[in-house]
Amino acid sequence: MENCTNHPEIETDSVCHNCGKPYCQECLSEGGEYYYCKKPECQKAMKNELNSGLPMQINCPSCHFTIGINKNENMKKLVRCPECDSLINLAVDPPEIIKDKEYVQMLSSMNQGDLGIIKSMLDDGGIDYFVNGENFLIIDPLIQPARIMVRVDQLEEASEIIKNLNFHIFGVSSNQNDEEEE
Ligand SMILES: [Zn+2]
Ligand SMILES: [Zn+2]
Ligand SMILES: [Zn+2]
């Protein structure tokens, strides 16, 4: 047992996570995982810890449905409301609806394995995208291909990232080739 830095008469076994000094419960604030004392630099460290935490759920800005955010969605800063189908940008506070027309289909694939590869490449490249029809694919691959939608302003970048994939091997059809034959 040590004594609180501010209250020499109070014994405590808690320390500030940032400065490591002993403090009583009254002198500590609870961060996401740790406790911090009231010193400005330690409060700042606490804010950083809280901000780095995952917001596990948000309310849909459109229909107010409570949406659970998984780690992947949090990384992409993008989630689709299961209730009203709005696409929501988590990178801003408060989260905002993204108009679907700002996303365009980059490619479609019938193959779950291809999708996994493409998605991880897009993740690595920091591309904002979502997959349309992925659930159909799991239920019945023949109903419709999953379509990867990317943000209009990132389409070029995203195409660059995946252009090294061999589409013939992977059985992916590129949307652009469908429209304009070269
Ligand atoms: Zn401290
Ligand atoms: Zn104290
Ligand atoms: Zn909604």
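Reader: What makes C16 count as buried?
Author: The cut-off: buried means under 20% relative accessible area, exposed over 50%, and partly exposed in between, with a 1.4 Å probe and protein chains only. C16 has 1% relative accessibility, so C16 counts as buried. Bear in mind that this is a predicted model, where local features need pLDDT of at least 70, side-chain atom pairs count only at pLDDT 80 or more, and totals for chains, interfaces and linings use all residues. Residues are numbered from 1 along each chain as its sequence is written, chains are lettered from A and ligands numbered from 1 in the order in which they are written, and side-chain values use heavy atoms, with hydrogens and water left out.

Reader: And what does C19 count as?
Author: Partly exposed, because its relative accessibility is 30%.

Reader: How do you know which residues are protein donors of the zinc ion (ligand 1)?
Author: Donors are N, O and S atoms within 2.8 Å of the metal (3.2 Å for Na, K and Ca); water is not among the atoms, so sites may look incomplete. The SG atoms of C16, C19, C37 and C42 lie 2.3 Å from the zinc ion (ligand 1), and these are its protein donors. Their spacing in sequence reads C-x2-C-x17-C-x4-C.

Reader: Why is the site of the zinc ion (ligand 3) called tetrahedral?
Author: Four donors get that name if all angles lie between 85 and 135 degrees; for square planar (four) or octahedral (six), opposite donors must be over 155 degrees apart and all others between 65 and 115, and anything else is irregular. Around the zinc ion (ligand 3) the four donor atoms subtend 107 to 114 degrees, so the arrangement is tetrahedral. The protein donors there are the SG atoms of C60, C63, C81 and C84, at 2.2 to 2.3 Å. C60 sits in the loop between β5 (57-59) and β6 (66-68) and C81 in the loop between β7 (78-80) and β8 (87-89), so the pair ties together parts 21 residues apart in sequence. Strands here are DSSP runs (E, at least two residues) and helices likewise (H or I, at least four), numbered from the N terminus.

Reader: Is C60 buried or exposed?
Author: Buried, since its relative accessibility is 0%. C81 counts as buried too, at 1%.

Reader: What makes T12 buried, and what does its side chain reach?
Author: T12 has a relative accessible area of 6%, so T12 is buried. Its side chain reaches the backbone nitrogen of S14 at 2.9 Å and the backbone oxygen of Y23 at 2.7 Å.

Technical notes: A polar contact is a pair of N or O atoms within 3.5 Å; within protein, one must be able to donate a hydrogen and the other to accept it, and residues adjacent in sequence count only if both atoms are side-chain atoms.
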